[in-house]
Amino acid sequence: MARSLLVLVMLLCVSTEVTPYTSADIKNLVNTIFADYDVLVRPIYNQSIPTKINVVFWMKQLEFLDMKKQAMKSLGHFSINWTDEFLQWNPADHNGLKYITVPENRIWKPDYVINNDITSKKKMGDGSSLVVIESNGRVLWEPGFIATTVCNVDIKYFPFDIQKCPVNITSWMTSNISLRSYSTRGISLDSFTENGEFEIKGFWVEHTLFPMTYIKNEMLEGLAFFVVLKRRTTFYWLCLVSPLLVFPLLSPLSFLVPADSGEKTTLAITSLLSIFVFMSSIYETLPKLSNHVSLFVLLTSVQVFVSMLTVVCNVIILCLHRLTSRHKIPKWLNIIVQRDKPTFTYLNCEDTAPETRKISDSADTTWAMVAAFLGKICLGFSLVCTTMITIVFGALMIYQ
């Protein structure tokens, strides 16, 4: 008996949860509210009051950010809702029917377009998507999109750059006197798929106004959804930054190669050519812009200049090394080279006072000694220059 009562109570609970309305109620409601409905008339009785449109940008995926074309391809949908005063009813008159879904082409919709799409300019929606209409007149429309939008990239701090790319929507023919756009949430990333090259660090929304070309003193209102993209740098550290830190060090090492080996200038020229090849790979990645110049490109150019000076210095050192004694060494140069000779402490058995002497103090200075002395100076100078240039430019790019 108790089991029978429990089953009866469960059936009653289920029956109360079942929707009481039927298909006839839906047909009757649709015929009633759409009897005199006109999709060309803005759905508000007082036409002097603008229709307020709430727009939320649901970003699903970032396909790519093309640096050379300065374009961002993304996909997702817009959640757009407003109140349609012509599509309201009392649910009690239709067996508790609180909402219906109809094709989007049966109701009035804002004529939004993605204004900065470089592929096409067309109204949102495909005409066959459904919209949800609630009994209070609230309409929910969620048109999907795949758009390639303009993004003015700033390559100054590449590859540690942060880009700010907008997706602009605007009303194409309806002025701000009749339509007002706003966004309560901005951009939603709840269903966003992570991108391997960029990560989203933030976003914001701005109102935009464009003057109408056919009506004076009226504007076209829209929203600009800005996405802040920060580049993931692991790949660039391994393939760009690390080689650029290593290649310039080959040039100073060429001063340590003996002049008689025949490989002194070979190492310097090889280092220079390596940086040239490295620069070509950078130029294939970055756009050819003059308003924004990458610090990374400037660093590479300066390193090329230092490597060229290294080649020139090595050639001069080789020329000096091969000079014979027939060419007289200037007196001032002879004094400098003599001062650079190493010293040692000499103790005389008959005298307790030590005496400091230069090695080969009595020997004449040769051009080979001059070349060796010049190589030491160039080695220190190139190491200091390469290190300082790398530190300065690295600090500017990383700590922007």
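At 30% relative accessibility, Trp-204 counts as partly exposed, a class lying between buried (under 20% relative accessible area) and exposed (over 50%), with areas taken for protein chains only and with a 1.4 Å probe. The model is a predicted one, in which local features need pLDDT of at least 70 and side-chain atom pairs count only at pLDDT 80 or more, whereas totals for chains, interfaces and linings use all residues. Residues are numbered from 1 along each chain as its sequence is written, and side-chain values rest on heavy atoms, with hydrogens and water left out.

**Aromatic rings**

Rings of Phe, Tyr and Trp (for Trp, the six-membered ring) are paired if their centres lie within 6.5 Å, and a pair is called stacked when the planes are under 30 degrees apart, edge-to-face when they are over 60, and tilted otherwise. By this rule the count comes to 16 aromatic pairs. Tyr-37 and Phe-86 make an edge-to-face pair, with 6.4 Å from centre to centre and 80° between the planes. This pair links distant parts of the chain, since Tyr-37 sits in the loop between α2 and β1 and Phe-86 in the loop between β2 (71-83) and β3, 49 residues apart; helices (H or I, at least four residues) and strands (E, at least two) are DSSP runs numbered from the N terminus. Tyr-37 is buried, at 14% relative accessibility. The rings of Trp-204 and Phe-226 have centres 4.8 Å apart and planes at 5°, so this pair is stacked. Here too distant parts of the chain are linked, with Trp-204 in strand β11 (residues 198-211) and Phe-226 in strand β12 (residues 219-231), 22 residues apart. Phe-226, with a relative accessible area of 16%, is buried. Elsewhere, ring pairs join Phe-158, Phe-235, Tyr-236, Phe-278 and Phe-296 into a cluster, and the peptide bond between Phe-158 and Pro-159 is cis, with omega at about 5°. Pro-159 itself is placed in the loop between β7 (144-150) and β8 (162-171).

A charge is taken to sit over a ring if NZ of Lys or CZ of Arg is within 6 Å of the ring centre and within 35 degrees of the ring normal.

| Charged residue | Ring | Distance from ring centre |
|---|---|---|
| Arg-106 | Phe-34 | 4.6 Å |
| Lys-109 | Trp-141 | 5.7 Å |

**Nonpolar cores**

A nonpolar core is a set of buried Ala, Val, Leu, Ile, Met, Phe, Trp, Tyr and Cys residues joined through side-chain atoms within 4.5 Å. The largest has 64 residues, of which Phe-78, Ile-107 and Ile-133 touch the most other members. Strand β1 (residues 51-66) supplies the largest share of this core, 6 residues. A second, separate core of 12 residues includes Val-337, Val-370, Phe-373 and Cys-378.

Ile-107 lies in the loop between β3 and β4 (112-114) and is buried, with a relative accessible area of 2%. Counting contacts as heavy atoms within 4.5 Å, and leaving aside neighbours within four places in sequence, Ile-107 meets Phe-34, Tyr-37, Val-39, Trp-82, Leu-87, Val-102, Val-131, Ile-133 and Val-139. The C-alpha atoms of Ile-107 and Val-131, 24 residues apart along the chain, are separated by 8.8 Å.

In helix α2 (residues 23-33) the residues Asp-25, Leu-29, Val-30 and Ile-33 are buried. They cover an arc of only 130° around the axis, which puts them on the same side of α2; the arc is that of the directions from the helix axis to the C-beta atoms. These buried residues pack against β3 (99-103), while the face of α2 turned away from the buried side carries the exposed Ser-23, Lys-27 and Asn-31.

Thr-386, in helix α7 (residues 367-398), is buried at 4% relative accessibility. Not counting residues up to four places away in sequence, Thr-386 touches Pro-248, Leu-249, Pro-252, Gln-303 and Val-306. A polar atom of the Thr-386 side chain lies 2.8 Å from the backbone oxygen of Ser-382.

**Loops with positive phi**

Gln-70, although not a glycine, has a positive phi of about 55°, and is found in the loop between β1 and β2. Asn-217, in the loop between β11 and β12, likewise has a positive phi, near 65°, and is exposed, with a relative accessible area of 81%.

Methods:
Polar contact = N/O pair within 3.5 Å; in protein donor to acceptor, adjacent residues only side chain to side chain.
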